[in-house]
Amino acid sequence: MPLCPECGKKIKPGVRICPECGTRIIIALGISTSPRIKLAGESNSKRILKRVIDQLQKKGAETTLIDLNELRIFYCGGHYSLGPRECYYPCRRMEEEPSDQLLQVYEAIFKSDIVIFATPIRWGNYCALMQCLIERMNCIENMDSVFGVKMLKDKIAGVVIIGHEDGYQRSAGTLMSTLSFMGFQLPANAICYFVGPSDELTNQDFKRMKESEALESSIKDLVESTYELALRLKKRG
Ligand SMILES: Cc1cc2nc3c(=O)[nH]c(=O)nc-3n(C[C@H](O)[C@H](O)[C@H](O)COP(=O)(O)O)c2cc1C
């Protein structure tokens, strides 16, 4: 059950403002971007994301998890390349492709205080679906850099990066700098990650993750750093 960040009162799910003291609760969103299909088993990065989101809920946040792989998302059409003022929010792809389902993701981001992006590592970087989301968020970044409208003011981002053996620093470096350019606030240690030893035993990944103290501690760091910053930004108003 969400908790009021000011007076600690339990708030009914769906209620955003504390009836006791009028404070708005913290809202956290997880976005899973693993393109892994069900036939290939459960996504490891999504399973870890669920744990992060569960812990944010225990802290008192109202939480939602979106699996991008379950939605129909079109690639960025590249209007920005036609000229800076051609790319703006709402993304023109939604009008051009009425079956595109990214609107619900944009809207969930806008109403959240904390957004946690989860991706597997694929060939040394974050996955293609994560990249597709980043490109589709170009319109949000452009609203600030070209039109002067800050759509992500005081929103906090964190990342979950899960691989098998190599590439988390590169994936995290690129992803976190991009999220910062978008306008998100990134607190210290806003990253939870796992890579295992150099072998081909990908079927052992989840078992190894469950035994990893480093992963456990990075989940805790990610949850605490994002939630604490959300509280501080809320107090600042
Ligand atoms: C096409 C492909 C490329 C991969 N490349 C890497 C890589 O470069 N480094 C790595 O550590 N793991 C790599 N992996 C392993 C995945 O990151 C790993 O299995 C991860 O747990 C999958 O997460 P998911 O289940 O959320 O998709 C790759 C997996 C696939 C399918």
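Q: Hi! At what angle do the axes of helix 1 and helix 8 cross?
A: Roughly 45 degrees, in this predicted model. The axes of helix 1 (residues 44–59) and helix 8 (residues 213–236) come within 10 Å.

Q: Why is helix 1 called oblique to helix 8?
A: Their axes cross at roughly 45 degrees, and that makes helix 1 oblique to helix 8.

Q: And is the crossing left-handed or right-handed?
A: Helix 1 passes helix 8 in a right-handed crossing.

Q: Which residues make that contact?
A: From helix 1, Ile48, Arg51, Val52, Gln55, Leu56 and Lys59 take part. Helix 8 contributes residues including Leu215, Ile219, Leu222, Val223 and Tyr227.

Q: How many of the contact residues are nonpolar, polar or charged?
A: Eight are nonpolar, two are polar and six are charged.

Q: OK, on to the ligand. Which residues come nearest?
A: Out of 16 residues around the ligand, the nearest are Ser34, Arg36, Ser45, Ile121 and Glu165.

Q: What does the backbone of asparagine 44 do there?
A: One of its backbone N or O atoms lies 2.7 Å from an oxygen atom of the ligand. For aspartate 166, a backbone N or O atom sits 2.7 Å from a ligand nitrogen atom.

Q: What about aspartate 205?
A: That one uses its side chain: a polar atom there is 3.3 Å from an oxygen atom of the ligand.

Q: New topic: where is tyrosine 168 found?
A: Tyrosine 168 is in helix 6 (residues 168–182).

Q: What is it in contact with, sequence neighbours within four places aside?
A: Tyrosine 168 touches Ile121, Ile161, Ile191, Tyr193 and Val195. Ile121 also belongs to the residues nearest the ligand.

Key:
Residues numbered from 1 in each chain as written. Predicted model: local features only at pLDDT ≥ 70, side-chain atom pairs only at ≥ 80, totals over all residues. Heavy atoms only, no water. Axes fitted to C-alpha atoms, helices over the stretch in contact; angles between N-to-C directions. Helix = DSSP H or I, 4+ residues; strand = E, 2+ residues; numbered from the N terminus. Parallel < 35°, antiparallel > 145°, perpendicular 65-115°, else oblique. Left-handed = near helix turned anticlockwise from the far one by under 90°. Contact = heavy atoms within 4.5 Å. Nonpolar A, V, L, I, M, F, W, Y, C, P; charged D, E, K, R; others polar. Near = heavy atom within 4 Å. Polar contact = N/O pair within 3.5 Å; in protein donor to acceptor, adjacent residues only side chain to side chain.
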